[in-house]
Amino acid sequence: MFKISKEDIDFIRSNIPDGEGIIKVANEKNDINILLLAIDAQITYRGFDGDYNLNDFGLIAQKMYDRIYYEN
């Protein structure tokens with residue numbers, strides 16, 4: 001089991017396509033990189049503004065990505 005807060009799980013479920021399934025597969029395979037790649041894909045897809053700066057979603061998602069990465 002990974003170290004991940006309830007708030008981060010809720011964010012993933014709400015903002016990552018098939019977030020619940022990704023969490024489940026990452027846990028089953030004991031591979032946090034599956035989850036991190038899904039978060040990174042969403043940051044790339046919708047986390048930047050027109051000037052390639054992180055927007056509000058991107059800032060939240062990047063902080064969450066970093067937190068999950070460093071805690072695991």
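Let's start with F57, which counts as buried, at 12% relative accessibility. Keep in mind that we are looking at a predicted model. What lies over the face of F57? That is R46, at 3.9 Å from the ring centre.

F57 also has an aromatic partner. A search through the whole structure turns up two aromatic pairs. In one of them, the rings of F11 and F57 have their centres 5.6 Å apart and their planes at 25 degrees, so this pair is stacked. F11 lies in helix α1 and F57 in helix α4, so the pair ties together parts that are 46 residues apart in sequence. F11 counts as buried too, at 16% relative accessibility.

The other pair is Y69 with Y70, and here the arrangement is edge-to-face: 5.2 Å centre to centre, with 85 degrees between the planes. Are these two tyrosines buried or exposed? Y69 counts as partly exposed, at 46% relative accessibility, while Y70 is exposed, with a relative accessible area of 67%.

Now let's look at the helix that holds F57. Helix α4 covers residues 56–71, so to speak its 16 residues, and reaches 23 Å from its first C-alpha to its last, close to the 22 Å expected at 1.5 Å a residue. Which residues of α4 are buried? They are F57, G58, A61, M64 and I68. These cover an arc of only 135 degrees around the axis, which puts them on the same side of α4. On the other side of α4, you will find D56, K63 and Y70 exposed. If you look for what covers the buried residues of α4, you will find α1 (6–15) and α3 (32–46) included.

And at the N-terminal end of α4 there is a cap, N55. A side-chain oxygen of N55 lies 3.1 Å from the backbone nitrogen of F57, so F57 comes up once again.

Let's move over to α1. Its buried residues are D8, I9, F11, I12 and N15. Seen down the axis of α1, they fall within an arc of 160 degrees, so they line one face of the helix. On the other side of α1, K6, E7 and S14 are exposed. The cover over the buried residues of α1 includes α2 (19–29), α3 and α4.

N15 is buried, with a relative accessible area of 18%. What does N15 contact, once we leave aside its neighbours within four places in sequence? The answer is Q42, R46 and F57.

My last stop is I39, in helix α3. I39 is buried, with a relative accessible area of 0%. Not counting residues up to four places away in sequence, I39 touches I12, I16, A61, M64, Y65 and I68. Among these, I12 is one of the buried residues of α1, and A61, M64 and I68 are buried in α4. For M64 there is a distance to quote as well: its C-alpha atom and that of I39 are separated by 8.7 Å, and the two residues are 25 apart along the chain.

How values were computed
Residues numbered from 1 in each chain as written. Predicted model: local features only at pLDDT ≥ 70, side-chain atom pairs only at ≥ 80, totals over all residues. Heavy atoms only, no water. Helix = DSSP H or I, 4+ residues; strand = E, 2+ residues; numbered from the N terminus. Expected span 1.5 Å × (residues − 1). Buried < 20%, exposed > 50% of the residue type's maximum accessible area, 1.4 Å probe, protein only. Arc of directions from axis to C-beta. Contact = heavy atoms within 4.5 Å. Polar contact = N/O pair within 3.5 Å; in protein donor to acceptor, adjacent residues only side chain to side chain. Phe/Tyr/Trp six-rings, centres within 6.5 Å; stacked < 30°, edge-to-face > 60°. Lys NZ or Arg CZ within 6 Å of the ring centre and 35° of its normal.
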